[in-house]
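Here are some notes to read alongside the structure. Please keep the model open while going through the points.

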Amino acid sequence: MELIRKLEILADAAKYDASCASSGAARKDSRGSTGVGSTGGVGICHSYTPDGRCVSLLKLLLTNNCIYDCHYCINRRSSNVRRARFTPEEVVRITLDFYKRNYIEGLFLSSGIIRSADHTMEMVIDVARKLREEHQFRGYIHLKTIPEASPALIELAGRYADRISINIELPSETSIARLAPEKNLARTQDAMAHIKTKIEERFAEKRYPENPVKPPPFATGQSTQMIVGADDSTDAHILQRADTLYTGYKLRRVYYSGFSPIPEPSSLLPIKPPPLVREHRLYQADWLLRFYGFQVGEIADDQSPNLDLALDPKLSWALRHRERFPVDVNRASREELLRIPGLGVRNVERILAARRFTRLRLADLVLLRLSMKKILPFIIAADHTPTLLGLDSDSLRQRFLPPPKQLELDFENPAPTKADVQSSISGEL
Ligand code: SF4
């Protein structure tokens with residue numbers, strides 16, 4: 001098969017994997033050496049395909065052949081799709097060619113499982129090894145690893161990659177047994193624990209450079225992806241799993257990928273994909289867990305197991321906990337300020353810095369470019385108390401709801417696209 005045909009098939013097959021962010025890679029470049037490329041410490045830029053997937057990395061599968069039969073996956077054994085397979089040399093050649101033409105800034109390489117997990121990992125590692133050792137490639141490399149592969153191979157992958165990831169796929173053991181019968185949550189978590197240990201060893205070495213025993217280099221972080229909407233897991237369940245992964249395995253990111261219907265779908269899958277906004281709300285809730293001091297139980301619990309799709313999760317929490325408001329922006333702690341809807345981490349820092357010199361008034365907050373409509377009902381400022389806006393009024397929620405509209409007829413205000421969802425991966429809440 002011609003290389004271009006393989007590229008068409010295997011780049012398309014890789015688009016379902018959302019976990020390809022590149023932030024946090026160690027800084028390195030080829031100045032003063034014979035190598036090629038560089039990796040900025042703060043990550044590289046992303047662009048998005050029309051369906052919102054990241055493409056600034058060359059995102060490929062080594063092959064879309066697979067001996068596993070995960071029901072939600074287009075590349076599963078029983079799927080009737082065109083198959084292709086790169087040799088490691090072909091991936092190396094394409095990566096270098098694209099890199100030198102400035103099309104890409106790095107490589108994201110995943111693969112279906114061929115012959116065995118170890119055999120596949122060896123092929124994936126071979127690509128990274130050739131790039132790093134034979135071509136001195138210093139661009140970003142993200143390798144998707146296979147939990148069933150031997151720990152020694154996962155370790156080797158981490159030596160060449162900036163980021164490695166293992167997809168957890170589904171939040172519960174039961175869903176995995178039902179939809180991905182050859183996979184096993186415990187094995188995936190063991191592999192993540194192993195990677196976490198290796199990453200910690202690497203950072204310990206940096207912290208104690210005088211230590212005579214130097215561990216080999218290793219990736220700076222790991223991430224994972226969870227598919228949303230392929231099973232009946234609630235948002236509370238998904239966020240609980242994500243929280244366990246962040247705290248237990250020190251993951252850099254958990255990506256939430258709305259289940260996309262695939263051709264010839266399995267009868268075990270839902271007919272319709274989840275609304276795109278659910279993915280968006282999960283990213284927002286994830287942000288609250290990591291940067292705003294929220295616990296999962298505050299965002300979603302047994303009583304309200306799914307996120308409010310109409311409102312962002314922080315606003316939704318604030319409306320359910322009106323007794324915590326209003327908050328005085330001139331006196332509140334950082335933790336209290338972070339709970340105010342519409343106030344992001346950056347703006348909280350600005351408020352804390354500004355109020356050292358003056359008692360803040362509404363005009364000062366306007367100068368900080370805050371979302372005044374959103375924050376006014378929840379704050380006290382030197383010249384403002386929110387009684388007029390009716391914090392206790394039942395109509396407060398109504399004020400924040402988007403106006404009702406007929407989606408099918410509204411061409412000027414379309415529903416969010418995948419790109420909108422991806423851009424929500426970061427932002428002020
Ligand atoms: S192992 Fe990966 S590529 Fe293979 S069927 Fe499962 S999800 Fe798809």
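1. Which unit do S4, helix H3 and S5 make, and what is its handedness? Strand S4, helix H3 and strand S5 form a β-α-β unit that is right-handed. To find the parts, look for H3 at residues 117-134, S4 at residues 106-110 and S5 at residues 140-144. Note that this is a predicted model.

2. The chain then goes on from S5 through helix H4 (residues 151-160) to strand S6, in a β-α-β crossover that is right-handed. S6 covers residues 163-165.

3. S5 pairs with both of these strands. With S4 it runs parallel, joined by 4 bridges, and Leu 107 stands opposite Ile 141 of S5. With S6 the pairing is again parallel, over 3 bridges. Here His 142 stands opposite Arg 163 of S6.

4. Is S5 covered or exposed? The strand is mostly covered, and 5 of its 5 residues are buried. Tyr 140, His 142 and Lys 144 point one way, while Ile 141 and Leu 143 point the other way. For background, side chains in a regular strand alternate between the two faces of the sheet. In S5 the residues pointing either way are buried, Lys 144 and Leu 143 among them.

5. Thr 174 belongs to helix H5, which spans residues 173-179. Why is Thr 174 classed as partly exposed? Thr 174 has 13 other C-beta atoms within 10 Å. A residue counts as buried with 20 or more such atoms and as exposed with 12 or fewer, so a count of 13 falls in between. Thr 174 is also 10 residues from Asn 184 in sequence, and their C-alpha atoms are 9.9 Å apart in space.

6. Next, the ligand. Around the ligand are Cys 66, Tyr 68, Cys 70, Cys 73, Asn 75, Arg 76, Gly 112, Ile 113 and Ala 180. By type, this shell divides into 6 nonpolar residues, 2 polar and 1 charged.

7. Last, the protein as a whole. The secondary structure comes to 16 helices and 10 strands. Of the 429 residues, 41% are buried. Among contacts with a separation of 6 or more, 69% are between residues 24 or more positions apart.

Terms used
Residues are numbered from 1 along each chain as its sequence is written. This is a predicted model: local features need pLDDT of at least 70, side-chain atom pairs count only at pLDDT 80 or more; totals for chains, interfaces and linings use all residues. A residue is near a molecule or strand if its C-beta atom, placed from the backbone, lies within 6 Å of it. Ala, Val, Leu, Ile, Met, Phe, Trp, Tyr, Cys and Pro count as nonpolar, Asp, Glu, Lys and Arg as charged, and the others, Gly among them, as polar. Helices (H or I, at least four residues) and strands (E, at least two) are DSSP runs, numbered from the N terminus. Two strands pair if DSSP finds at least two bridges between them. A crossover is right-handed if, with the strands pointing away from the viewer, the path from the first strand over the helix to the second runs clockwise. Two residues are in contact if their C-beta atoms, placed from the backbone, lie within 7 Å.
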